[in-house]
Amino acid sequence: MSSETSHVPFLSGDNFADWKDKLMLTLGCMDLDLAFRVDEPPVPTDESTPAMRVAYEQWDRSNRLSLMLIKSHIHKGIRGSIPDCDKAKDFMKAIEEQFVSSDKALASTLMKKLSGMRHNSSKSVRGHIMEMRDIAAQLRALEIEISESFLVHFILNSLQSEYTPFKISYNTHKEK
């Protein structure tokens, strides 16, 4: 169980989407996502059938363990600002309300990241270009149009001086 949960990052405030994706994948792989997929069954009574009791016990186990996993992957400083809930599904909705970012703020952050990127030797040029293309795709998804030509110039300007001959060649090459 600990090997699956080690893939879930701690919710730190700026990683909500990644945190939620990895958390939900982990819960699904551990077969603990029943509380998210199914509404809470009625609490068993003396008249409940064995099948109804089993269904409630499975849901209750999923809910309890999901809540524990979620809470254990949120920094304590953030956890205090989220209203406590008895149901994992409700708790996740409360977290979403705290961390849903506006498209404008996200677009601004992505534009700043794209315009400030510089290639260094910590990763390959291909990796650097792919990262910049990914940011451009995220901006397009937010309906901010970035032309391929504009992106190419951003990428070229982000490369180190050792790529100057390549930049000159690209800039002087006539398009057909």
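**Helix packing around α9**

Tutor: Let's start with helix α8 (residues 125–141) and α9, whose axes come within 11 Å and cross at roughly 145°. Keep in mind that this is a predicted model, with local features needing pLDDT of at least 70 and side-chain atom pairs counting only at pLDDT 80 or more, while totals for chains, interfaces and linings use all residues. Residues are numbered from 1 along each chain as its sequence is written, and side-chain values use heavy atoms, leaving out hydrogens and water.

A few terms before we go on. Helices here are DSSP runs (H or I, at least four residues), numbered from the N terminus. Axes are lines fitted to C-alpha atoms over the stretch in contact, and angles run from 0 to 180 degrees between N-to-C directions.

On the α8 side, the contact (heavy atoms within 4.5 Å) is made by His128, Ile129, Met132, Arg133, Ala136 and Arg140. Facing them from α9 are Glu148, Leu151, Phe154, Ile155 and Ser158. By class, that contact comes to 6 nonpolar, 2 polar and 3 charged residues. For the classes, Ala, Val, Leu, Ile, Met, Phe, Trp, Tyr, Cys and Pro count as nonpolar, Asp, Glu, Lys and Arg as charged, and the others, Gly among them, as polar.

Now follow α9 (residues 148–158) on to helix α10 (residues 164–172): these two pack at an angle of about 155°, with axes 10 Å apart. The crossing of α9 and α10 is left-handed. Here α9 brings Val152, His153 and Leu156 up against Phe166, Lys167, Tyr170 and Asn171 of α10. Sorted by class, the α9 and α10 contact has 4 nonpolar, 2 polar and 1 charged residues.

As for where this sits, the chain is divided into domain 1 (1–106) and domain 2 (117–175), with bounds from an automatic or database domain assignment. The centres of the two domains, taken over C-alpha atoms, are separated by 39 Å.

How values were computed: A crossing is left-handed if the near helix is turned anticlockwise from the far one by less than a right angle, and right-handed if clockwise.
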